[in-house]
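Biologist: I'm new to this one. Could you show it to me and let me ask how you know what you say?

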Amino acid sequence: MALRHAVLAALLGGEYSGYQLTKIFDVGVSNFWYAAPQQLYAELTKLEAHGLIAGREVVQTGRPNKRVFTVTEAGAAELAAFAATPPKPLLIRDDLAVKVHAVDHVDPGPVIEQLRERAEEAAVRLAFFEQTLLRIRGDLDEETFLRGENVGPYLSCLAGCRLEREMRDWCLETARTLTERAAHAERTTP
């Protein structure tokens, strides 16, 4: 997947400025794709140059004018072709997992601390995604909402919740295991 597909998917919800798109990425897309604002603005320029999105200027009073973008037919076709291709395997490159892998040969103290910090970060993101689910769903219960239209953002946010919950739980369990091992080693070392 390229950033272009994530931007096209985010723009399916309507007509957005670059600033609004950065907020959408922070809120709705961050669980599966991270992009810095500079990357998003550069991608908007490329997508418009390739005819995959159309931009127009909105005149504002008391504020600078802004450009807003929508997906074109060519952009929708690009996204449809992308959706039809087999996904690439999920690749994880996590330095904390490498540290845990090597923990038998390094001081476990810093690794345990980093696991606890990561668990806290995951808990914060999990709470954010859970609030996002409630906001998207509104007054509807999940079963009713999922029978309606426009469930894609909700379903991808559900994946974010599950990933963050699993990360939090793994970090806490791993930190607990390593802490217990370190305590046992201290008690049995003469």
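Modeller: Let's start with a definition: two strands pair if DSSP finds at least two bridges between them. Helices (H or I, at least four residues) and strands (E, at least two) are DSSP runs, numbered from the N terminus. Keep in mind that this is a predicted model, where local features need pLDDT of at least 70, side-chain atom pairs count only at pLDDT 80 or more, and totals for chains, interfaces and linings use all residues. Residues are numbered from 1 along each chain as its sequence is written, and side-chain values use heavy atoms, with hydrogens and water left out.

Biologist: What makes strand E1 and strand E3 a pair?

Modeller: E1 (residues 16-17) and E3 (residues 66-71) share two bridges in the antiparallel sense, and pairing takes at least two, so they pair. Ser17 has Val68 in E3 as its bridge partner.

Biologist: How many bridges join strand E2 to E3?

Modeller: Six, with E2 (residues 53-58) running antiparallel to E3. There, Val58 stands opposite Lys66.

Biologist: Why is His5 called buried?

Modeller: Its relative accessible area is 10%, and buried means under 20% (exposed is over 50%, partly exposed in between, with a 1.4 Å probe and protein chains only). So His5 counts as buried. This residue belongs to helix H1 (residues 3-11).

Biologist: Which residues does His5 contact, leaving aside neighbours within four places in sequence?

Modeller: Glu78, Leu79 and Phe82; contact means heavy atoms within 4.5 Å.
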